[in-house]
Amino acid sequence: MDSSTNSLDDVSADGSTDFPDRSSSMEVRLQAQEDEITLLKSSLADALRRIRMHDQLLPLLKQQLIAVNPSAARVLNQVCYSDGFTSGRKLSSSSANDGIYHAATAASQQSESIVSNANGLIGSRVSAEQQRRLPSLDKATQTEPTMSALLRHTQSLYLEDGLPPTELMLDGTRGKLHRVPGLEDEEEEDQVDEEVGGDQEKETSWASSVEEPIQPTTVRSLQREECLDRSCSPDEPGSAPASLGSDQNLSLRSGPLSPIQEGEKTLVRRNSEKLANPERQRKRLDKKAASSANLLTRSPSLESRAKELIASAGSPGSRRGTYSQEQSIKMFIRGRPITMYVPSNIQNYDNLKMELPSERLELDWVYGYRGRDCRANLFFLPSGEAVYFIACVIVLYHIKNRMQRHYRKHTDSVRCLAVHPDNVRVASGQTAGVDKDGKPMQACVHIWDSTTLVTLQQIGLGTFQRGVGMGSLAFSIADSGTFLCVIDDSNEHILSVWDCTKGTKHAEIKTTNEAVFDVDFNPSDSNNIITCGKSHVYFWTLSAGQFTKKQGIFGKYKKPKFIHCFVFSLTGDVLTGDSEGNILPWAKSAADTKTLGKGAKETYQIVRPIKAHEGSVFTLCTLKCGALLSGGGKDRKIIRWSADLAPERECEIPEKFGAVRTVAVVDDEGLLVGTTRNAILRGSFSDGFVAIVQGHLDEMWGLATHPSQNIFLSCSHDRQVCLWNTEEHNLDWCITLEEYGLCADFCPSGSVVSVGLSTGRWVVLDLVTKEVISEFIDGNEQLSVMRYSPDGRFLAVGSHDNFIYIYSVTESGRRYSRFGRCNGHSSFITHLDWSKDSCYIVSNSGDYEILYWDIAGGCKLLRNRFESKDREWASFTCVLGFHVIGVWLEGSDGTDINALCRSHNERVVAVADDFCKVHLFQYPCPKPKAPSYKYEGHGSHVTNVCFTHNDSHLLSIGGKDTCILQWKMTRGGVGESRETLASASSTSTSSPEPPAS
């Protein structure tokens, strides 16, 4: 029993060394045993306390009665001695109570009136009939003056007049005669229940209320409620309870509660004699827990064992249930209650008004490019801008001026682009996607003006199943772009032709169940369309709204697995690039009647294959002079071919940028090259190529901003750690680690940055040399959060093994030593923050826990969370907390919000959700359904957000979209038009405001 009880004292930052890996089932069983032991101690200690109190009060009662009426006192004394009341044996609380009552009835009729009246103050009320009989009885014995005086004197006696000065009294309710401190509320509750119940028994057995067992699983809730309902902060152990009357306390505890506010739990007792009134039994159990805890506190033999158990209990004689409903707020996530305490500076929680923040966001810059899995998505406009896309944003990047503009009308990830023959209009298609409820959204194609960013036409809303395929858009050239052909992403890959002016469908047909990579009109005939993809090249003819198809014949040549791309030569021939590294010219030929029989029509066959690249040919591009450019995959080469397909020049792009995905012509010499590693290069055959746009290749989670400079760091599943400059909008440096990073944080000195990896290892990087200066391992599971203390003396490392590892930091972040470990979470760590004094930590976990830790005091878990309600935090990234209740939507499942970040000026909080949105809330926002501004742009779940050191910008990173968005913080009025707020196009200097949500 001692070992199970002492385990309570072992819960600290380092945990129990004897059982480091005990299973959850064993932990539940041990806790149940501890609860049973605690219950037995409570029952025994409560009985002992009652006996001791009655023994102490008996001499005082005797002295008071002798002073008032010596004759009545003598009678009472004789009865007490005859009953053995003052003997050395210890009586139960029931017999003690009955002894006093029977002693009173044995005196006389006159004494009966007096003692009954006195006992009425204890718990037995004097009926109206007895009060009417009292004067007549006094007259009969000719003792009316003496009895009346005695009655008045007895009614005015209070227990505090005879108690020692050190005895603690209740505030607002003084014990009368022999009433026991700490039990008067039970008697008052008895009286209330008697008035309500009517036929219920008026005399309640004390033994029943003490000896009846309760379920062990309710002990923890009793102790937790005892901590929640204390009337003073634990920092003030001597403060008195609120001076509320008994009726007020009862009404306060039993009144209705709102769904999110703190409420009492209904307890189910076993073997109860009062099953008809469980509320009464629940209140008595609450009193038992409080009174037993008080006695255990004063008991030297149990003090050390019960220290942790009763840490949240009040001082002797304190009263439960004096907290008002506004002092704690309860929210539910997936049915789990989360209790948060209202700070002291909030006086009236119900009257708080949640407003939109005065700050807003404008999309300032987009980092990244989607070349990994898309093709034909890079073009150069006459305006000097390169147009490309990533996530839901189409970027127009002016290469010389290094400015960006953004088209943001798409509601999901963009997958294809096509430029009109006038080089002004642009068509873009998106995937369909699903909304936050899992319902499919409607995809469409936007035709928009690249000069004004105004949408001119929306084509096929709801028509394209699953959205538009990659590289599946093309304008007709022969008729100056009258028609637009689109291939959707359905299983049949339906080809449709649309009138761009009217927005109506002209014709459609199912193409193939295989993947389709490219489509285009014949530049000299808009009725001829070509598609290519997996193991096929199809030549389509459109006549009177009907399609006819001819398949390219490979004949004696090997049929490649993929036909990646094609172009039209100046002579009208079709040139394809395939997965075998060949360029294949196609031409019409007479029908082979010997093979195909009589009546066979003309076919398209290969003229002569040309070996161009090692590996696949991903892109082909024709020049005005008739020359041809080809881009290879495995060899990473760009080759220039003459009009008769003779090689002229070639160059190789650096290996770190990957293979050539697409090529766009800038001028006679200059080229833009999109690569498979999400980079855009600019250069020429003579000068080589340099990167002008770079990005990550895989899902991102790690994000950190520098404490004093305009730089930030990101880490991704591609194992790359990148340092970006928010002013220059470029990549300062990038290194590749052995494992991928998931979290990072800059040391307050600003010279190093720590990166947590997927294997439990974390490294410290020098920002100047990019070298690893320290390396540690904590556990064997992934790390989820790294956080330096504000003074730079500690580093907290949150892991998926449920621990928070604390390190001492010296030499400006270059030297580390283990300080301690925080042990107490039952699930993996998700977020944590330091207090402004660098002494405390608040943390969240995967099962929605909020725990507080005393780091300076030895990494101890603070069991009384009430003490931390007014603590100031240097940062606020925990998604669960009183100040950010309003960011959670009703019905959230706990994973809907991936991250949040409070601005350094503590005015706003940015939220990254699981539905591709960034929200901006006023800070604090402690009430549900707080209004916010909602910003679109990401094409995947937003994994992290972070403000720069001076709050000038907000960074947000996407998951699978590999996109980093840089938002500019601006101040604006709230009363702007809905059209302006909902506008989706923007520039780097002036962006529209989003709708408020």
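The legends below accompany close-up views of a predicted model.

**View 1. A salt bridge between two buried residues, Arg-405 and Glu-385****.**
Let us start with one of the 27 salt bridges found in a search of the whole structure. Here the side chains of Arg-405 and Glu-385 meet, with 3.0 Å from N to O.

**View 2. A salt bridge between two loops, joining Glu-580 and Lys-558****.**
In this view the side chains of Glu-580 and Lys-558 form a salt bridge, at 3.8 Å from N to O. The pair links distant parts of the chain, 22 residues apart. Glu-580 sits in the loop between β21 (574-578) and β22 (582-589), while Lys-558 sits in the loop between β19 (546-551) and β20 (563-568). Glu-580 has a relative accessibility of 30%, so Glu-580 counts as partly exposed. Lys-558 is exposed, because its relative accessible area is 63% and the cut-off for exposed is over 50%.

**View 3. Glu-906 and Lys-836, a salt bridge within a network****.**
The closest N and O atoms of Glu-906 and Lys-836 are 3.1 Å apart.

**View 4. A patch of negative charge on the surface****.**
Which residues gather in this patch? They are Asp-667, Asp-668, Glu-669 and Asp-687. To find Asp-687, follow the chain to the loop between β31 (680-684) and β32 (688-693). Asp-687 has a relative accessibility of 69%, so Asp-687 counts as exposed.

**View 5. Trp-540 and Phe-547, an aromatic pair****.**
Now we turn to rings. The search of the whole structure finds 27 aromatic pairs. In the pair shown here, the ring centres of Trp-540 and Phe-547 are 6.1 Å apart and the planes stand at 85°, so the arrangement is edge-to-face. Trp-540 counts as buried, at 2% relative accessibility. Phe-547 is buried as well, with a relative accessible area of 10%.

**View 6. Trp-762 and Tyr-807, an edge-to-face pair between two strands****.**
The rings of Trp-762 and Tyr-807 lie 5.1 Å centre to centre, with 70° between the planes. Where in the chain do Trp-762 and Tyr-807 lie? Trp-762 is in strand β39 (residues 761-766) and Tyr-807 in strand β43 (residues 803-810), so the pair links distant parts of the chain, 45 residues apart. At 0% relative accessibility, Trp-762 counts as buried. Tyr-807 is also buried, and its relative accessible area is 3%.

**View 7. A cluster of aromatic rings****.**
To finish, this view shows Phe-539, Phe-554, Trp-586 and Tyr-604, which ring pairs link into a cluster.

Notes
Residues are numbered from 1 along each chain as its sequence is written. This is a predicted model: local features need pLDDT of at least 70, side-chain atom pairs count only at pLDDT 80 or more; totals for chains, interfaces and linings use all residues. Side-chain values use heavy atoms; hydrogens and water are left out. A salt bridge is a side-chain nitrogen of Lys or Arg within 4 Å of a carboxyl oxygen of Asp or Glu. Buried means under 20% relative accessible area, exposed over 50%, partly exposed in between (1.4 Å probe, protein chains only). Helices (H or I, at least four residues) and strands (E, at least two) are DSSP runs, numbered from the N terminus. Patches are made of residues with over 30% relative accessible area and no salt bridge: like charges are joined within 9 Å, nonpolar side chains (Val, Leu, Ile, Met, Phe, Trp, Tyr) within 5 Å. Accessible areas come from the Shrake-Rupley method with a 1.4 Å probe; for residues, only the protein chains shown count as cover. Lys and Arg count as positive and Asp and Glu as negative; His and the chain ends are not counted. The place of a charge is taken as NZ of Lys, CZ of Arg, CG of Asp or CD of Glu. Rings of Phe, Tyr and Trp (its six-membered ring) pair if their centres lie within 6.5 Å; planes under 30 degrees apart count as stacked, over 60 as edge-to-face and the rest as tilted.
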